[in-house]
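Okay, thanks everyone for coming.

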Amino acid sequence: MSDPTSNPAVQPAPQRSIEPCRTATEPPEGVTVFKWPRKPDIDERSYCYFRLASNNLQVLLIQDPKANRAAASMSVGVGHMQDPPSYPGLAHFCEHMCFLGSDKYPDEGAYHEHIARHGGHANAFTSLEETNYAFEIGPEQLLETLDRFAQCFLHPRFHKAAVGREVDAVDAEYRMNIQSDTHRLFQLLKSLTDPVHPFHNFGTGNRETLLGSASAAAAAAAEAAAEPHQAPTCLPAAVVESQESVREALCEFHRQYYGADLMCLCVSFTAHQTMAEMQSAVWSLFGEVPRALQKAPAASYAHQPLFREDHQPQGKLYVVEPVKALREMRIVFTIPPQRPLYRTKPAHCLAHLLGHESNGSLLAALKEHGFATALSAGVSWELTGIAFFDIDIALTERGLVHWQQTLSLVGAYLRLLRTLLGPGDILDADLPSYIYEELQLLGEIHFRYQERESSPFQAVVELSSSLRVFDPEDVLAGPFLYWDRPSACALRELLSEHMCPEQAIVFLVTTEMYQQPEAYGLESTQLVHGLEPWYQTRYLTGTMPAAAWYSETPAARALHVPLPNPFMPRSFSLKVAPAAGTAAADANGQQPLPRCLLLDEAQGRVLHHSLDTSFRQPRIQAFFQLYTDMAYASPEQAIFTKLAIALIEDALTASAYDAELAGMSYTLTPTATGVFLGLSGFADTFIRFTEHVFRTAAATCSGEDVKQSTEIRQRLLDAHLDRLRRSYEDAALQKPYQQVMYNTRVLLQLPHWHATWDYLSLLREASSAGTERFSLESVDAFRTTLFGGASGAPGCSMRNLVVEALLHGNVTEDEARLLFDRCMAIVQPCLRPEVGDLRQFLRRLECHQLRIPAELSPLGLFIPLPNATESNASLGYYVQTGVRSLERDLLVEVLSNLLQKPLFHELRTVQQLGYVVSNFVYRRCGAQGLFFLVQSTERHPPWHVAERLECFLHDFYQNQLQRLRVDDLRPYLEAMAEKREEPDRNLPERGARFWAEIEHGTYQYQRGEQEARYLRALLKQDTDEAATDVNATGTLSLVKFHALLRTFWENEVCGHRHGGSLRVYAVPFCWMPVEGGALQVDQVAAYLATKETQQGLEERTRTLLLATAASVRKWQQHASRYPSEREYESPPTSLEPHGENP
């Protein structure tokens, strides 16, 4: 690395690439305040901001000439904080109800059905002071969809028939999150505030808050009295009355707050429309949205104290019992609102210093003493009048024991900053000037070269919300730029008045301390037990020990502010593309596709390259897959790999954080075939940083590993072992639908080690035996063998290592070869003769999906959930349809799209079977199928959901698929074609697409274009041509494709011609009538058979597997497997090397 004493931050800043704000001299009719936001010069989109004169609606239009998807988002300035005291959760309930029909489009499902039919999607969220609604659609449907969108703000129906269902949906969402530590901790913080302040509100809502306790109980009693798993035919009068009351409150809430002057609309459109046409359309569609009756929703609490005078949580300690095996310290300060200060960003400056990870930082000191593994700092929540600044520390077991020393180090760093800023009467006291200069320069660089959002949907959601924070001219630049440096006075005020020990609320989130406070230096007699009412979070509270913040520690003497960043880029020039015709180009002829520069079969080295300057980004992406048989050969090897990676990341922490601030990033991830290393950053410093990562991984450089003592590294290793153990324990506490997906992968993917059966049992065995199975010495030996070619790794006498890489972006062929050669000289790939050639070795490492025999279908997998407080269950229903091909991929995707809306409407909206209801195409390891996922409550256990799902699928085939006309397919095929024709929006998206083909061994870089051409050929046929089997281009005709869709359903989905079906039941253990706590397969089989028989399932589970190692592994031994993509794809011509082999 370069000399850290040099100061690149003071180098001349790049010219600010922003367009000046321009104001129209004659705004269009009906429009006022006509402006263009500043934008980077590499952004080819056009932006226009204005307000509607009729109602003061703020509008931001984005014309994206390269997109072929459109999107819109409406941000409404109302949220949980505006809930009426008698109806907590009403804003959230309004979000659920608002788009279920309007006067012009009265059907409840009209809006979502229209979007689904045209391949779009929609979503919404409610936060403290905002509710946001958004959709994405094809460009030809944009104006019609905007009309439907606008009508839901103008004249929503709020159907009476939907009130009960959506109250239940809100309640189901609340119950789904009861076990979420994130929700529990946030609600606990809210509960500490003054009950009269609206921040105290319970924002999610549930049956009780929306209907009242008595009516909620009456509704529950009516459900209990109804037929099993059937909705009550007649609701009690009290419930009906409560539903009418909440609907009246909803209508009044909408009148009060859903006004145009509290709304911000953002629309992204394509070349199908002009800016003038869209201005006119917005004025026509939204010009009649009335103004809000409540002009300033936040005025009532903007200056209201957040805490009661007689109940101040500041200066207190809260010990919180989590659901998962967390061990966190969270320090919360309340500070003045920061949104108005976005031009100087004082809180961001302090977050930069407190959250830094280089040598001398707070985290470096904590890691050196083995107290913590991670730290983050910054503004977490902000509302009108106040903001919350959090310091979150992931504690180790040692850090929990020494929690007061950990807190004292935080206090020492805060005092260091106060000392540098000095008291107010010393005018020249300040932080080093290079800190401000670096922040300003980094802001300029990140704004100038920000990557485009991954979709128009993401762009409009972010920008509609940003219109509430930034001036119109600054809506794009506001999150990045420092217009001026924060004053020392502003920083001093934050630190001295708001971020001092007396103002801190300290949370220690840990089961150990909650259960045994005395073991951690707390007097239980001085603690008060508390219970948060909505999520039932238990906690202890007491006064913070006087010495906790101020205890002396030698580590404090090593603290200092960050030194100048050695990775600041200086050059942003773009490399010159090669002459035309030297490489295969993409469908638009704009950029070369990746070419194989090197194919070294003997040494196991493969290099692909693509020079890409189409996004005008001076960045490089590098993808390295280290294929090896020593990383995942056994659970023990997999743990060694994870520990080796963790120690590498520790050694890289200081330098990688500086690099990350300067636009570099890296990820080092264990995979089933080895280790993946991905890097991205500015070309100017890319090669230097990449070499540094490889040398650190191989432990061949005199870097941080050498500087760290054995004692420090042993503490870090102990912390990582503890972190792994807790993460494997937490795996069993994931939400039921997450458990379904995880255990499906374990069952059907080979190999796939299990968090509990394999990893956790291995770690517990090593711990109970007191062995040094994962000693520092053995992990280091494994690391140097894997990444450096040394010998002596545990269980690995010799290694095989193949490296396949892609260098993409602002990099020439020569630079790619040079970097690759340097990195390969470090890791030393090799391939022993006995494992065969390169392709044979890679195929042997590949994962496979196991095939479920038709005669065993439906196969059952039963997952007992160990969380005693879990009240939800889940069903996963998977139908295998065989290996992938272009035609089969499209057939299964069309079916999934056809199913999506009716499935959600019937199972979630009408039958209310669960809050999570979805279907999707499940593709892994070269095989695919249809997957259905539902999370439900005890009222609708998964075998009941399975019966309802099978009835739905039967009705879908009979009433929809059989009656589907050829022309009914066109909107779905059109939407699928548009998605595939959408150009890559940024460099990372294109690189990821290229890498996915390389990683799977398929090298079909134009897969999307091929599928789009196939779809367009279907859509272009006229009636006469469609009547034939094959059209003039050789593509299957639309009529034949339509018929094939039904055949595919009959043969694959129902007939199991190329695979079977799987039912996965995730059920809380407490539901099981089993004594002694140990489940046996025969007990569960009998229990499940009884339940399925009672439910009336036509086809009961034929073979049941209990989610245990013995049951699953026995079945896997006899199961056949699908070929991987490497096995059934023909060898790609694109893998042939370009040029001579060096």
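Before we start, one term: a polar contact is a pair of N or O atoms within 3.5 Å, where, within protein, one must be able to donate a hydrogen and the other to accept it, and residues adjacent in sequence count only if both atoms are side-chain atoms. Keep in mind that what you see is a predicted model.

I'd like to look at domain 1 against domain 4. Domain 1 puts 26 residues into the contact, and domain 4 puts in 21. About 2100 Å² is buried between them, with carbon and sulfur atoms giving 51% of that. On the domain 1 side, Asn68, Met176 and Gln179 lose the most area, together 25% of what that side buries.

And how many residue pairs are in polar contact between domain 1 and domain 4? The count is 13. Helices H2 (110–117) and H4 (160–176) each supply at least two residues of the domain 1 side, and H4 gives the most, with 8 residues. By class, that side has 6 nonpolar, 8 polar and 12 charged residues.

Now for the charges. Side chains of opposite charge can pair when their charged atoms come close. Across this interface there are 2 salt bridges. Asp64 also forms a salt bridge with Arg985, with the closest N and O atoms 3.3 Å apart.

Asp64 has another partner, Arg452, with closest N and O atoms 2.9 Å apart. Arg452 sits in the loop between helices H14 and H15, and Asp64 in the loop between strands E3 and E4, so this pair ties together parts that are 388 residues apart in sequence. Buried or exposed, then, for Asp64? Asp64 is buried, at 0% relative accessible area, and Arg452 is buried too, at 16%.

Arg619 is buried at 8%, while Glu451 is partly exposed at 26%.

Over the whole model, the count comes to 66 salt bridges.

Definitions and conventions:
Residues numbered from 1 in each chain as written. Predicted model: local features only at pLDDT ≥ 70, side-chain atom pairs only at ≥ 80, totals over all residues. Heavy atoms only, no water. Salt bridge = Lys/Arg side-chain N within 4 Å of Asp/Glu carboxyl O. Helix = DSSP H or I, 4+ residues; strand = E, 2+ residues; numbered from the N terminus. Buried < 20%, exposed > 50% of the residue type's maximum accessible area, 1.4 Å probe, protein only. Contact = heavy atoms within 4.5 Å. Buried area = accessible area lost by both parts, 1.4 Å probe. Nonpolar A, V, L, I, M, F, W, Y, C, P; charged D, E, K, R; others polar.
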